Amino acid sequence: MAGVEFVDVRKSFGAVPIIKGVNIGIEDGEFVILVGPSGCGKSTLLRMLAGLENISAGSIRIGGRVVNTLPPKERDIAMVFQNYALYPHMTVADNMAFSLKLNGTAKTEMERRVSAAAEILGLSSLLDRYPRQLSGGQRQRVAMGRAIVRDPQVFLFDEPLSNLDAKLRVAMRAEIKELHQRLATTTVYVTHDQIEAMTMADKIVVMHDGVVEQIGAPLDLYDKPANLFVAGFIGSPAMNMINGRLDPEDRTAFVAVDGTRLPVADPGQAAVGRDLVYGLRPEFIRLDAAGLPAEVIVIEPTGYETHMIVKLGGGEANCVFRERVRVGPGETINISIDADHVHLFDKDTGKRLSR
């Protein structure tokens, strides 16, 4: 096993910069997820780590060794792709052993490694089957098994769950996380799904337009987003954002563009006199008969929770209530806001103003 380090890594296609000076440190045994919207550069970064793309500048280190010019087979990594890339004419066992066979591994050693990986992944009874005889989740486990048998220093996953249905994605998330806990191998995982990132990662790297916006533990990014992009990307439903300014005579009041007054707890001197964005997670809006009136736009009962969109502060706000709210669109509810969980962002720079 080994740590991974990106040092001022850059990538351009012609004159177009795609990766714009990325610095990331990944500790030995960490499960790190690169997350961001399509086109942000996360898959390109993973492919450069794998040796499938050349870098334009900077360096990539695996276990302290610079691998910029090493071919993929010499980097001691194993990659699991979005499509399973299984050979249809080979059995599960043969698919898993294929890379070992190419490397000239002894037959007894191949059988030992395949058997051990199959046991870990629950594939022992399926070794004689062909890919066409497997479900989507089983095929993905075979692709993972093919990576495990190589016993690499680093596992790379490129959106491995994208082709699975919603229920199977949830199950496979748990399987991959459990697998990492058992093997403790350094893992770099790419996804555009922030729920995958939040539930699986030890550390998340949020990317946007070829740069790293923030790096941190999942709950750190959720509780203290560095800027408006991270605040809007991490969390589902997304953070509510309302434009306005602090009341110059009462800094505990945020005045939205429509004049609505919203509570703020100790905004700090840096927030005074600026155009601001008021950030509030949906779960910190509560029903309160004595609170602010808000017109209901959409109501979505999910069983355990009720999701609602209401008019607030000149825009729309998502709310998540544990109560079963019996109202309809066009009706009015009264809400209160937990001021201790409000975030203020500078509207011009997008940066969160720390308190």
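These are my notebook entries on a predicted model.

**Basis.** I number residues from 1 along each chain as its sequence is written, and I leave hydrogens and water out, since side-chain values use heavy atoms.

**Entry 1: Thr260.** I located Thr260 in the loop between strand 12 (250-256) and strand 13 (261-263). Helices (H or I, at least four residues) and strands (E, at least two) are DSSP runs numbered from the N terminus. Thr260 has a relative accessible area of 18% and is therefore buried; buried means under 20%, exposed over 50% and partly exposed in between, with a 1.4 Å probe and protein chains only. I found a polar contact of 2.9 Å between the side chains of Thr260 and Asp258. Such a contact is a pair of N or O atoms within 3.5 Å; within protein, one must be able to donate a hydrogen and the other to accept it, and residues adjacent in sequence count only if both atoms are side-chain atoms. Leaving aside residues up to four places away in sequence, Thr260 touches Phe254, Val255, Leu292 and Gly313, with contact meaning heavy atoms within 4.5 Å.

Entry 2: I traced four strands in the order 17-16-15-18, with antiparallel pairing; two strands pair if DSSP finds at least two bridges between them. Strand 17 (315-321) and strand 18 (332-337) are at the edges and have a single partner strand each, so one side of each lacks a neighbour in the sheet. Seven bridges join strand 16 (residues 306-312) to strand 17 in the antiparallel sense. Within this pairing, I noted Asn318 of strand 17 as the bridge partner of Ile309.

**Entry 3: strand 19.** I checked which way the side chains face on strand 19 (residues 343-346): His343 and Phe345 point one way, Leu344 and Asp346 the other, and all are buried. Strand 14 (residues 276-280) runs antiparallel to strand 19 and is joined to it by four bridges. Phe345 is the bridge partner of Val277.

**Entry 4: helix 2.** I listed the buried residues of helix 2 as Val92, Ala93, Asn95, Met96, Ala97, Ser99 and Leu100. The buried residues of this helix pack against helix 3 (107-121) and helix 4. Gly104 follows helix 2 and has a positive phi, near 80°.

Key:
This is a predicted model: local features need pLDDT of at least 70, side-chain atom pairs count only at pLDDT 80 or more; totals for chains, interfaces and linings use all residues.
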